[in-house]
Amino acid sequence: MAAEDLPSEFDVVILGTGLAESVAAAAFSRVGQRVLHVDRRSYYAANWASFTFNGLLNWIQQYHVNELQDWSSLLEDGEEVIYLSNPDTASIKNLQVFCFTSEEDEKEEEASSSTPTNAAEDHNINADEEAVKESSETESAGNTVTNLLVAIDCIISEHSILYNPCNSPENVPDTARVSKTGSYFYLRLMYSRGSLVDLLIKSNVSRYAEFKNVTRILTYRQGKVEQVPCSRADVFASRQLSVVEKRKLMRFLTSCMEETEEQMAYHGRPYSEFLRDQQLGDNLEHFILHSIAMVTEHTLTEEGLASTRNFLQCLGRYGNTPFLFPVYGLGEIPQCFCRMCAVFGGIYCLRHSVSCLLVDKDTNRCKAVIDSRGQRISCSHFVVEEGYVGPERKRVATPPRFISRAVLITDSSVLSSNSDQQVSLVTIPPIAAGCAAVRMVELSSSTMTCMPGTYLVHLTCQSSGSAYEDLSPLVSRIFCTPDSPDQGNTQNCPSVLWCLYFNITDGSGLETEGHDLPSNVYMCSGPDGGLSHENAIKQAEAIFSKILPDEDFCPPAPNPEDIIYDGDATASAEGEDKEGEDKEGEKENQDKLEEAVLTEETVQTATATSTLPSG
Amino acid sequence: KMAIRELKVCLLGDTGVGKSSIVCRFVQDHFDHNISPTIGASFLTKTVPCGHELHKFLIWDTAGQERFHSLAPMYYRGSAAAVIVYDITKLDSFQTLKKWVKELKEHGPEDIVVAIAGNKNDLGDIREVPMKEAKEFAESIAAIFIETSARNAVNIEELFQKISKQIPPLENPEVESNDSFKLTRAPAPSTRRCC
Ligand SMILES: Cc1cc2nc3c(=O)[nH]c(=O)nc-3n(C[C@H](O)[C@H](O)[C@H](O)COP(=O)(O)OP(=O)(O)OC[C@H]3O[C@@H](n4cnc5c(N)ncnc54)[C@H](O)[C@@H]3O)c2cc1C
Ligand SMILES: Nc1nc2c(ncn2[C@@H]2O[C@H](COP(=O)(O)OP(=O)(O)O)[C@@H](O)[C@H]2O)c(=O)[nH]1
Ligand SMILES: [Mg+2]
């Protein structure tokens with residue numbers, strides 16, 4: 001696997017493998033642009049990556065100083081240099097790990113009703129202001145699901161081992177042991193409709209990924225976790241709603257699908273007020289506001305209604321709730337787009353970066369980049385993940401925005417049901433004035449993220465303080481931890497076996513305009529507060545249409561059955577649909593796709609509709 | 001009617017050993033010395049009978065991402081089998097085989113069927129890798145072993161037949177799918193019942 005040299009000229013060079021960069025890479029490559037896509041990390045998907053905890057700890061620990069090398073010898077006349085920086089600097093901070101395992105052997109289940117003496121130790125690693133992280137050769141192993149499975153395995157089978165590192169005197173977690181615990185570092189759900197889903201389907205990238213549905217929606221209210229009835233079946237089956245409430249809810253949900261004059265009258269006023277005036281009662285008001293619309297007390301009626309409709313429209317598309325998540329985590333999605341880019345000729349290099357841009361002083365355009373090996377690579381356009389661009393060149397919201405996250409491993413579900421394979425989304429309204437609403441996702445072992453008998457729980461909110469400050473009060477209420485107020489009352493609460501808190505930069509803090517960059521350099525932001533992937537898709541599409549206004553954005557890739565190798569080089573050119581000459585052909589292709597979907601189960605005979613070059 | 005079973009197969013091995021050529025030979029019975037790395041194929045398919053089942057191979061090529069050691073973990077997900085290819089005329093490509101095996105252990109599914117293919121066996125006169133050594137290595141990791149020539153269509157069908165045979169038959173065809181699904185254009189036909 002000897003290292004080869006890269007070509008020295010590309011149309012588009014892309015640095016960073018986050019969602020927006022990867023979508024852009026696929027789009028450019030798909031229409032015949034020569035794309036070089038690199039990332040200094042050893043794994044795909046940047047801050048969208050799904051990690052094992054092992055990977056995360058490695059990541060935090062492997063900081064070392066970024067030596068700036070002097071590449072000025074490679075400059076040509078009239079050029080100046082912009083140095084790039086490390087994307088991981090300051091994107092994560094306040095990482096804290098806690099471990100609560102009982103001193104008793106786990107076999108002694110009967111004893112579990114008495115709250116065991118718990119041990120907790122706080123490992124506080126402050127990652128911000130640190131210098132550079134360099135990925136080790138083997139670190140990519142941290143991304144694998146195999147690892148993850150092994151990992152979670154060990155929580156159970158090696159309970160006492162997990163317990164040890166937490167009590168060990170040294171302040172840094174013993175990676176060799178903690179590495180046995182794994183969990184998705186960044187979990188995101190998707191609405192079953194929306195730009196990302198549309199794009200996945202339109203481009204045929206969807207064939208690379210598998211999804212599951214969130215099976216139920218819960219909410220936390222008056223100290224209790226309750227199920228939110230959202231489909232017709234749920235409503236009828238619900239035991240906590242009275243017959244009158246059921247009728248009211250059905251009527252409301254049906255009526256809000258259409259715009260009425262009554263609704264118009266509430267425009268500009270809070271949705272909560274509109275709901276109150278519908279005489280729905282507290283129960284229903286709570287469900288609709290917090291769990292269906294998922295908005296706050298202050299959200300305006302028009303926005304609340306739009307959210308409610310969106311929820312209802314997503315319902316039933318793939319399952320009983322409007323939410324999907326990719327099996328193996330959202331980190332798969334950027335990888336899928338990268339594969340699409342590669343399939344159309346894009347070149348991929350991980351552990352490879354761009355150290356600086358060479359800018360023509362007269363035109364203020366980036367003419368070339370110098371890669372981390374000191375090779376000069378010319379390009380017409382350069383797309384870069386926000387994190388690589390130094391703070392002095394970009395405009396971000398002040399103060400910088402962060403997201404607070406917690407990841408827990410627990411021993412039972414927050415709401416037991418007849419199935420132990422639920423995947424639940426829990427909406428939690430602010431627990432006190434001034435607090436943020438929290439979204440919680442609880443995954444069972446059916447998601448292949450944890451061992452049978454354990455649950456993996458993610459909590460997310462906008463930061464006001466550190467993740468620990470923002471989320472631990474809630475965690476100690478819903479779960480049984482040593483901080484839980486009412487120890488006698490917590491028998492029914494799930495126990496937290498292990499938890500992690502951290503803050504991560506909120507991608508929505510990046511301004512769209514006003515950066516001090518050459519005119520052919522485009523910046524993409526990382527994941528935002530978790531409200532939508534819309535942003536990433538829009539960024540990619542905007543960059544694409546700025547550079548290639550007349551090209552189609554991610555047209556469907558041909559079906560495997562339609563590809564034939566053709567030795568005859570002359571014949572191959574005409575079949576390429578990238579000329580965009582006939583919309584007819586495109587349409588045909590589209591029809592083919594629909595057909596393929598419908599007849600998925602039948603054997604397809606190879607048809608020679610799209611001939612691709614083989615030479 | 002025979003049940004069709006889709007089996008994802010991924011190909012591994014250094015650039016230039018003939019991975020794409022093997023797929024091309026198997027799927028289209030075609031060989032081209034200047035095969036383009038860019039074929040726009042997400043994967044290629046071919047269906048072959050195996051006992052009471054039809055095996056529809058979905059063959060994923062690396063799309064060149066192996067060149068700079070940047071294969072994505074998603075490449076391995078859900079593979080029923082992996083073919084690790086080396087070039088019998090390049091000792092290097094055999095030595096890195098172990099690296100690919102390790103990579104597969106790390107990223108691939110646990111119960112994956114592994115086949116090792118020594119390609120370009122039409123070039124026996126400039127052979128650098130003795131068949132015996134390769135065979136012993138394959139045995140040591142319980143992998144299928146075969147020497148192939150994509151150029152002369154030698155043992156290509158056989159390679160995939162061997163894989164087919166090692167795939168355990170489905171106990172109960174109904175149970176196969178766990179509840180994950182692919183997103184498709186046609187919305188799920190289930191009654192749209194949003195209240
Ligand atoms: C209840 C809920 C829980 C979520 N939990 C997580 C999480 O745990 N982790 C995480 O990273 N992401 C989370 N998200 C964000 C979620 O991943 C994105 O909203 C979703 O992926 C958007 O996918 P899309 O790009 O397909 O749809 P989009 O096109 O982005 O959205 C479709 C439509 O929904 C609207 N919309 C987007 N977000 C909301 C919202 N919150 N409320 C109302 N309307 C909205 C958009 O304006 C758009 O019109 C959550 C979102 C919601 C609503
Ligand atoms: N002589 C010979 N050449 C082969 C054979 N298979 C592939 N090649 C050649 O080896 C080169 C690399 O093949 P390719 O399929 O692109 O390898 P990949 O990088 O592993 O996909 C091409 O020039 C092929 O023509 C074979 O069986 N015999
Ligand atoms: Mg190839």
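Tutor: Quick ground rules: residues count from 1 along each chain as its sequence is written, and chains are lettered from A and ligands numbered from 1 in the order in which they are written. The model is predicted, so local features need pLDDT of at least 70 and side-chain atom pairs pLDDT 80 or more, while totals for chains, interfaces and linings use all residues; side-chain values use heavy atoms, without hydrogens and water.

Student: What makes Cys524(A) buried or exposed?

Tutor: Buried means under 20% relative accessible area, exposed over 50%, and partly exposed in between (1.4 Å probe, protein chains only). Cys524(A) has 0%, so it counts as buried.

Student: Why are Arg77(B) and Glu332(A) called a salt bridge?

Tutor: The rule asks for a side-chain nitrogen of Lys or Arg within 4 Å of a carboxyl oxygen of Asp or Glu. For Arg77(B) and Glu332(A), the N to O distance is 2.7 Å, so the pair passes. This pair crosses between chains, with Glu332(A) in helix 13 (residues 332–343) of chain A. Helices here are DSSP runs (H or I, at least four residues), as are strands (E, at least two), numbered from the N terminus. Arg77(B) is buried at 11%, and Glu332(A) is buried at 6%.

Student: How do you know that Lys102(B) and Glu106(B) are about one helical turn apart?

Tutor: They sit 4 residues apart in helix 3 (residues 97–107) of chain B, which means about one helical turn between them. Lys102(B) and Glu106(B) form a salt bridge too, at 3.4 Å between the closest N and O atoms. Lys102(B) is partly exposed at 48%, and so is Glu106(B), at 23%.

Student: What makes the pairing of Asp122(B) and ligand 2 a polar contact?

Tutor: A polar contact is a pair of N or O atoms within 3.5 Å; within protein, one must be able to donate a hydrogen and the other to accept it, and residues adjacent in sequence count only if both atoms are side-chain atoms. A polar side-chain atom of Asp122(B) lies 2.7 Å from a nitrogen atom of ligand 2, so this one qualifies.
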